[in-house]
Amino acid sequence: MVSRVIPVEPFDLVIFGGTGDLARRKILPGLYRRFYDGQMPEGARIVGAARSEMDETEFRAFVKEAIREFVKKRFDEERVDAFLETLTYVAVDALGTDGWKDLAKIMRKDVVRAFYFSVGPGLFGEIAERLHKHKIADDQSRIVVEKPFGHNLETARALNRTLAEHFDETQIYRIDHYLGKETVQNLMAVRFANMLFEPLWNAQYVDHIQITVSETVGVGGRGGYYDKSGAMRDMVQNHLMQLLCLTAMEPPSRFEPDAVRDEKLKVIRALQPVEPADIVRGQYKSQKESYIDDVENPRSITESYIALKVEIANWRWNGTPFYLRTGKRMKERVSEIVVRFKEPPHSIFEEDTGQTANELTIRLQPNEGMDLTVTIKEPGPGGMRLIDVPLDMTFAEALGEEAADVPDAYERLIMDVIRGNQTLFMRGDEVEAAWAWTDPLIESWEAREDRPHSYEPGSTGPEEALILMHRDGRRWRELRT
């Protein structure tokens, strides 16, 4: 496979929170990889902005260590030093006046200006206001805002209003890194570039769809934040919702930002309210490790796991359930979409030959790829016996080693910001629609004071989640990497 690297225009990218954990782990190493591959043009410049009092030399040393830690395979001393030459640093107080005039002085004309808000949502409005007050941003500038984008519908609307006071919707890039994953984008290619699947992608042929995002880690150092959010706000309202939309949406008229996002919005607005019996919430708990110890709140009833049965009220999907699940401290780290097709309406074979159905699995992580399970005769002379075998397309195996080293989601999305392409970013009305569906579910279980079910760390979740599927005559796909 020959990879095409398309350079972008010269730019000034200011990273607010430039010394923070996200910048250290993802943003700055990702930009180095784009530099390494030749995608960053001459004249590109990256500006770290944070409260930390450090000079340019100290910031470059900080970035070099981040690259050494997170880009081991591509750490080349000469290229790293060349990349570091694109970096500068300004100490800025997001809530005060210090540093803003210094930042304004170094911004250049006639290049793309982008501002990455790698900070808490409480600072979004303050930074947006100061960017305009000091004439650092203009009507062509772009801002990137991280999740969480609001805590509920009310706060999401307030945040949208705050940003809209200073930036047009076409300038706002609400980032969800799941949408930058190679396999997520391949989902659209599989659906809309192959005649094989799209005619079957509906309730007539699909029995059900499962979307799973499971993590082996606990809440770690995020206990304080996580206990106020839970799996529903932290994962379902954004990551899983986006995967659901891309799986269920109608074909857009063109592969353009608003055409794609219009179709995603229609899916969210077609979501039916979820009955309490179709929601399972859980907390990991054992003698050695428990959620309540990790968040230091023995009375917590916040979920670290959630499973839901979701229905979409439209012609394409009426009667086909979508089962969503996500959780911490699970058996395996897996993100995948499973499309389970219906069994043939009539079998010409004897009952003891076995009855099977086709299944398309789209693996987001780890081992990005897809496999399609088809039914064949079991080899051998023992008569007609049917078995399922996968037609496997693991990217690294099918497309070569280069495919295994595809750009990280953050790399792709940041380059899309520089290009001005919003296709893989959420629009304001899309975020609000997601919260409008999510809020009543949360308010319902809070009003009932429902307690989450316990599950063993390293398991597949609470038993009640298995029952959620079993009562419909279905079962979750086994968690495996």
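Predicted model: local features only at pLDDT ≥ 70, side-chain atom pairs only at ≥ 80, totals over all residues.
How many of the 26 residues of helix H8 are buried? Side-chain values rest on heavy atoms, with hydrogens and water left out. Helix H8 is mostly covered, 23 of its 26 residues being buried, where buried denotes under 20% relative accessible area, exposed over 50%, and partly exposed the range in between (1.4 Å probe, protein chains only). Helices (H or I, at least four residues) and strands (E, at least two) are DSSP runs numbered from the N terminus. Helix H8, which spans residues 223-248, has a kink of about 95° centred on Gly230, the bend at a residue being the angle between axes fitted to the seven residues ending there and the seven starting there.

Helix H2, covering residues 56-70, contains Arg60, which is classed as buried because its relative accessible area is 16%. The side chain of Arg60 reaches the backbone oxygen of Glu85 at 3.4 Å, and a polar atom of the Arg60 side chain lies 2.8 Å from the backbone oxygen of Leu87. For such polar contacts, the N or O atoms of a pair must be within 3.5 Å, and within protein one must be able to donate a hydrogen and the other to accept it, while residues adjacent in sequence count only if both atoms are side-chain atoms. When residues up to four places away in sequence are not counted, Arg60 touches Leu84, Glu85 and Leu87, contact meaning heavy atoms within 4.5 Å.

Aromatic pairs were assigned to rings of Phe, Tyr and Trp (its six-membered ring) whose centres lie within 6.5 Å, with planes under 30 degrees apart counted as stacked, over 60 as edge-to-face and the rest as tilted. The count by this rule is 17 aromatic pairs. Among them, Phe59 and Phe62 form a stacked pair, at 6.2 Å centre to centre and with 25° between the planes. Both residues belong to helix H2 and are 3 residues apart, about one turn of the helix. An α-helix has 3.6 residues a turn, so residues three or four places apart point the same way. Phe59 counts as buried because its relative accessibility is 1%. The pair formed by Phe197 and Trp201 is edge-to-face, because the ring centres are 6.4 Å apart and the planes stand at 85°; Phe197 and Trp201 are both buried. One aromatic cluster is made up of Phe16, Trp100, Phe115, Phe117 and Phe124.

Charged side chains were also found over aromatic rings, a placement that requires NZ of Lys or CZ of Arg to be within 6 Å of the ring centre and within 35 degrees of the ring normal. The charged end of Arg79 sits over the ring of Tyr36 at 4.1 Å from the ring centre, and Lys181 lies over the face of Tyr178, 5.4 Å from the centre of that ring.

Salt bridges, defined by a side-chain nitrogen of Lys or Arg within 4 Å of a carboxyl oxygen of Asp or Glu, number 43 by this rule. One of them joins Glu250 to Arg316, with the closest N and O atoms 2.7 Å apart. This pair links distant parts of the chain, 66 residues apart, since Glu250 is in the loop between H8 and helix H9 (257-269) and Arg316 is in the loop between strand E9 (305-310) and strand E10 (322-327). Glu250 is partly exposed at 30% relative accessibility, whereas Arg316 is buried at 14%. A further salt bridge connects Arg281 with Glu303, the closest N and O atoms being 3.1 Å apart. Because Arg281 lies in strand E8 (residues 279-284) and Glu303 in the loop between helix H10 (291-294) and E9, the pair ties together parts that are 22 residues apart in sequence; Arg281 and Glu303 are both buried. Salt bridges that share partners also join Arg33, Arg34, Asp37, Arg74 and Glu411 into one network. Arg34 is buried, with a relative accessible area of 4%, whereas Asp37 is partly exposed, with a value of 26%.

Helix H9 contains Glu263, which counts as buried at 11% relative accessibility. Residues touched by Glu263 are Met249, Glu250, Pro251 and Pro252, not counting those up to four places away in sequence.

Key:
Residues numbered from 1 in each chain as written.
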